[in-house]
Amino acid sequence: MDATWANCSPVTRLITQDEISKASQDDLTNFPSPIFKLKADGRRHFDGVALPITNEKWKERWRSMCVTQANIDPEGLEADDDEKVRKERELEERAERWRAAPSFLRDECNLIGLDEAENVIGIASDWLELDSPDDWLRHDCETALKQELAYASYLGLSTIIVPPPLDRTHAAAYGRALRACLEGALYMQITVRLPLYEPSVLEAARKAPLIMAPPSPILQPPSPGAGLGAGSVFASPVRGGTLRPPTGELNGTWEAWDTIRGICGYNPRLTLALDLTLPLPSEQGILSRWSAEPVTHILLPASTFIPNAKGYPVLPKGTQAFLQTMMQSHPTLVLSGTGAHLHSRGTEDKYVDYLRYLEKSAPYARRAQEANTLENYAQGYQDFLQMPLQPLQDHLASMVYENFERDPVKYQKYEEAILKALSDLSAEERLVLTVAGAGRGPLVARSLKAVERSSRNVAIYAIEKNPNAYVTLQQRQQMEWNDKVTVLFGDMRHLEVPEKADILVSELLGSFGDNELSPECLDGAMRFLKDDGISIPSTYAAYLAPIQSSKIHHEAGGSKDAKEKDREKGLETPYVVMLQAINFLSSDAPGAIHGRRCGGRIQQCWEFEHPRKDAVLDARGLPITNSHNTRSTTLTFAIPYAGVLHGFAGYFEAVLYGTIGLSIHPDRKDAISKDMLSWFPCFFPIKEPLYLPSNAELRVSLWRLTDATKVWYEWHAEAFLPLSIPSNPFFSSFPPSQPHLSGSAAPPSPRVNGAGSLVATSSTLPASPLPARSPLIDAIDLSFGTERSGTPELVLQRDDQDHTSVVKIGQTSLHNPGGRSSWYGL
């Protein structure tokens, strides 16, 4: 592997306040300031440094103004405390003057000049509590953060890491404060430091600095030789026992983040710095959703590492795998505590070398450097939205054909399928093979190879409607093919051919199978296929999966300055995109609470088969209408972990002939057509992100519709929450104290919040070990059991055999009705 591989994640070093104070006591003969010395030391092994913008003196002054005075009640003091009252009044006045015009004193700042701030990531004061339950404290913390951001902007810093939200109850207040900061700092990226799970786990360390060294008991690093309990939800133990917070807490941090970024309007300048101080959860669903978030930094304290057999620092295997996955987006890695000698051979360069090795040895990175792999071909295309082709409406450029022809896997599959089809036909008869939509001729060339290998007597026709590509076909006929191939110019839907074909070969598939109008094209081409003729491909199916990806959704909606009509159009258009920063929301193993309602993670929508036998034809052999090519489907997905629906990933799978096929289905593509380059997946966005709690069900409706001039898709989704209920359908009519007719106790009363909505409790959950419900669920209306004026009656949808019901908790609008925003022209 090339050791100079350029696509590496930057590695920066966190400089703490203690290090700055210590450096100020060192010999600074060759350095203008301690910051220059520390940056020079860091340049030996790191790409940059991260350091706090301010120091303890700023914290002390702020506290003297904004905290101390709040604890004094001047009206309750005795007369002999007049002096104290006067001082408190002075502090209050001083605080008000600061609020009116916030500013720093020289000795409160660690950074002074532009040279010091160059290539520096700023760290905002970690004592700022934007989610404090105290209104005044929250207000003053917001003012202080705005002051720090203004100073950072003055110094030219482009990124500031802010402290994490610690009280989910006030996550909205945190989000509102950040939105105000983003609107005030127009060119700055604000990065929220966030642990992977429940913020309350970190409550004991609220005042801890970013380095967290020495670690507090709750944040101890993994023990090198400790085992892992079978029931643990974590991949790594901690000293003093395995850390096991309730499973429900694993959703808490992400839900707080979802609230914050929603309030901030999915601002692209609001990003995440994942803090990996705590052991990682072992549930893949908990970890994978961070791949769909804008993670630009990952904080790695030295305490996260464990020593290997030789004493060098390495990461636990679970952390290795997670970090390698996240490294695909090349986040900045922020190392801290690497000089604390926590590992016997853990010098600073060893931590950096290990991370470089980890990234370069990742399967994705290795394949990205191998020729003719999808990862290599797709570099630069990840999460880049492309409009689907319009092959009937537009004439493709030669460069487009060139890109398609770079795919050796697809054409090899076609050649094998043609060879097998020829081998199954009589060797004694003259055969006719027609290539419909020949482009620049790659399928014609592969057909000739298959004919040669099969030793059959075959006449080949090549049909193409693109007048520009037709020139290339004529050139190849004269220079390469001669009389082996007859080239015909015209639209396959209307062209008359000299003779009918035994085999019809086409290359009209789109990322969703039928989205480039293969069914409509082949309807016309079937006129020149014999009654017992073979179509290659013979069938193809479309597949769908709900996904989360704030990045792709933001790209689909355009910039914040886009007009509402343009934004709506962008979010009602299916795209072609090489999906990377996504999270599959659905599960292949729905829990018992879902009964038989839910399918797998990726589900089939519909299928097309050629040649078709069901279309009504006119005298020319053409369908009278296109109604036979309409399709619809309703799919239900189980959502095991809380997430946000941003849209749907679309895939296709095709049978060329016999057992030979093509596939971009994530679970089967490597077995069917590994490293095929021609198709990226489809993405169907939704206009407004839809929150889905743990154990929710998502019902998706998708339609393929058509009229005389176009084909288009419409889509819609509804979210439901399953409830386990007794078999007696009238259970709600019993008061809590009244027993059932059988003598057993009535089910316990559901807990109702102040808005009259049901909050899921342990009594409503099944006994099976399912992921815990989101603690934010409170959307189950109980109006079906009582009369409430002004409240619509709730209708539960129930599966009597499974003794479960579902209650609707959300829905999307109908997307692209009538093809108003996107369509494919016939």
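**Sheet, helices and pocket**

Modeller: This is a predicted model. Its open sheet has five strands, in the order β13-β12-β11-β14-β15, and the pairing is parallel.

Biologist: Why are β13 and β15 called edge strands?

Modeller: Because β13 (485-489) and β15 (529-536) each pair on one side only. On average, neighbouring strands of the sheet are turned by 25° against each other, direction ignored.

Biologist: How do you know that β11 and β14 pair?

Modeller: Pairing needs at least two bridges. Four bridges join β11 (residues 431-436) to β14 (residues 501-506), so the two strands pair. For T434, the bridge partner in β14 is L504.

Biologist: What packs on the sheet?

Modeller: Helix α17 (residues 467-481) does, touching β12 and β13. The direction of α17 makes about 165° with that of β13.

Biologist: What makes the contact between α7 and α8?

Modeller: Helix α7 (residues 171-184) and helix α8 (residues 252-263) pack at about 35°, with axes 8 Å apart. From α7, the contact includes Y174, R176 and L178. From α8, A256, T259, I260 and I263 take part. By class, the contact has seven nonpolar, two polar and two charged residues.

Biologist: Which residues are closest to the centre of the second largest pocket?

Modeller: The pocket has a volume of about 830 Å³. Of its 41 lining residues, L389, L396, V400, F404 and E516 are closest to the centre.

Biologist: Which helix gives the most to that lining?

Modeller: α14 does, with four residues. By class, the lining has 23 nonpolar, nine polar and nine charged residues.

Definitions and conventions: Residues numbered from 1 in each chain as written. Predicted model: local features only at pLDDT ≥ 70, side-chain atom pairs only at ≥ 80, totals over all residues. Heavy atoms only, no water. 1 Å grid on protein atoms, 1.4 Å probe; cavity = no way out; pocket = protein on both sides within 12 Å on 5 of 7 lines; lining within 4 Å. Points joined across faces, edges and corners; volume = space filled by probe spheres on them. Nonpolar A, V, L, I, M, F, W, Y, C, P; charged D, E, K, R; others polar. Axes fitted to C-alpha atoms, helices over the stretch in contact; angles between N-to-C directions. Contact = heavy atoms within 4.5 Å.
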